[in-house]
Amino acid sequence: MIDKICTFLTKKIREEMPEVDDERAEVINYGLQNIIGEIPKIFLLLIIAFLLQMLKEVLFMFLALLLYRGASGGFHLKTHLGCILGTTLFYCGTVFLSQNIVLDEIIKYIVIGIGWIFGMIMIRLYAPADTENVPILSKKDRRKKQIISYITFSIGLIAAIFIQNSVISNILIFGNLLQTLTITRIAYRLTKNKYGYEVYGDTSIQNI
């Protein structure tokens, strides 16, 4: 259903804008699928979170990671159903872990320290982690998103140090680390994704 709606909208856009070629139309169609597909995905996520009695925690995590996820990118699952299940598992699973794992103060600092170093390296190597359907080839855009990733990831982990509520602190730690894993090369290989800059651009662009 979503595919048909997006195809129809893309066709209408091409009728109004004849200069849009096949390649551009494919990018537009993919973007529409992501936008329209987000609506039922978020709706179902909130329903499931409510039923699991973790709505507030999931909402907090969604908002806390919004900028970092948007800037750092990550792999995409191939189907809308897979995306819905993956998103639900990401948020609800992270909250569940945060509610049931207790980190004493020393362990918490160690996890944050090692996690920050790991995250900085992964962001340097892969952020923003785009896809072949929506590549980010502009060096300016890539640099901007990479800087935002550095800042938002660091803020999330620093905040986790000072927040006394253990569940909220854990959400920030686990959420940021799990999001970082989604941009790694092994995550892309496991989900059969390709980085957009590798398909369409200079592979050295990630090192700018």
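Pro128 sits in the loop that joins α6 (105-126) to α7 (139-162). In this predicted model, the peptide bond leading from Ala127 into Pro128 is cis, and its omega is near -5 degrees.

**The chain as a whole**

- Read along the sequence, the pattern of the chain is α-α-α-α-α-α-α-α-α-α.
- A compact globule of 208 residues would have a radius of gyration near 17 Å, and the chain agrees with this because its value is 18 Å.
- Taken along the principal axes, the box filled by the C-alpha atoms is roughly 60 × 45 × 25 Å.
- Of the 208 residues, 38% count as buried.
- Among contacts in the chain with a separation of 6 or more, 76% are between residues 24 or more positions apart.

**Helices α6 and α7**

- The axes of α6 and α7 cross at roughly 175 degrees and come within 10 Å.
- An angle over 145 degrees counts as roughly antiparallel, and α6 and α7 are therefore roughly antiparallel to each other.
- The contact of α6 with α7 holds eleven nonpolar, five polar and three charged residues.
- On the α6 side, the residues that meet α7 include Lys108, Tyr109, Ile112, Trp116, Ile123 and Tyr126.
- On the α7 side, the residues that meet α6 include Arg142, Gln146, Tyr150, Phe153, Leu157 and Ile161.

**Helices α3 and α5**

- Helix α3 (residues 55-64) packs against helix α5 (residues 80-100) at an angle of about 115 degrees, and their axes are 9 Å apart.
- Angles from 65 to 115 degrees count as roughly perpendicular, and α3 and α5 are therefore roughly perpendicular to each other.
- The crossing in which α3 passes α5 is right-handed.
- From α3, the residues Glu57, Val58, Met61 and Phe62 meet Phe90, Tyr91, Cys92, Thr94, Val95 and Gln99 of α5.
- By class, the residues of this contact between α3 and α5 are seven nonpolar, two polar and one charged.

**A buried loop residue: Ile183**

- Ile183 is found in the loop between α8 (166-181) and α9.
- Ile183 counts as buried because its relative accessibility is 0%, and the cut-off for buried is under 20%.
- Although Ile183 and Ala129 are 54 residues apart along the chain, their C-alpha atoms are separated by 5.4 Å.
- With neighbours within four places in sequence left aside, the contacts of Ile183 include Ser72, Gly73 and Gly74.
- Ile183 is also in contact with Met122, Ile123 and Tyr126, which are among the residues of α6 (105-126).
- Other contacts of Ile183 include Ala127, Ala129, Tyr188 and Tyr195.

- Gln53 has its place in the loop between α2 (22-51) and α3.
- The phi of Gln53 is near 60 degrees, which is a positive value in a residue other than glycine.
- Gln53 counts as exposed because its relative accessibility is 71%, where exposed means over 50%.
- Lys192 lies in the loop between α9 (185-190) and α10 (196-200).
- Lys192 is not a glycine, yet its phi is positive, at about 60 degrees.
- With a relative accessibility of 69%, Lys192 also counts as exposed.

Conventions: Residues numbered from 1 in each chain as written. Predicted model: local features only at pLDDT ≥ 70, side-chain atom pairs only at ≥ 80, totals over all residues. Heavy atoms only, no water. Axes fitted to C-alpha atoms, helices over the stretch in contact; angles between N-to-C directions. Helix = DSSP H or I, 4+ residues; strand = E, 2+ residues; numbered from the N terminus. Parallel < 35°, antiparallel > 145°, perpendicular 65-115°, else oblique. Left-handed = near helix turned anticlockwise from the far one by under 90°. Contact = heavy atoms within 4.5 Å. Nonpolar A, V, L, I, M, F, W, Y, C, P; charged D, E, K, R; others polar. Rg over C-alpha atoms; globule rule 2.2 N^0.38 Å. Buried < 20%, exposed > 50% of the residue type's maximum accessible area, 1.4 Å probe, protein only.
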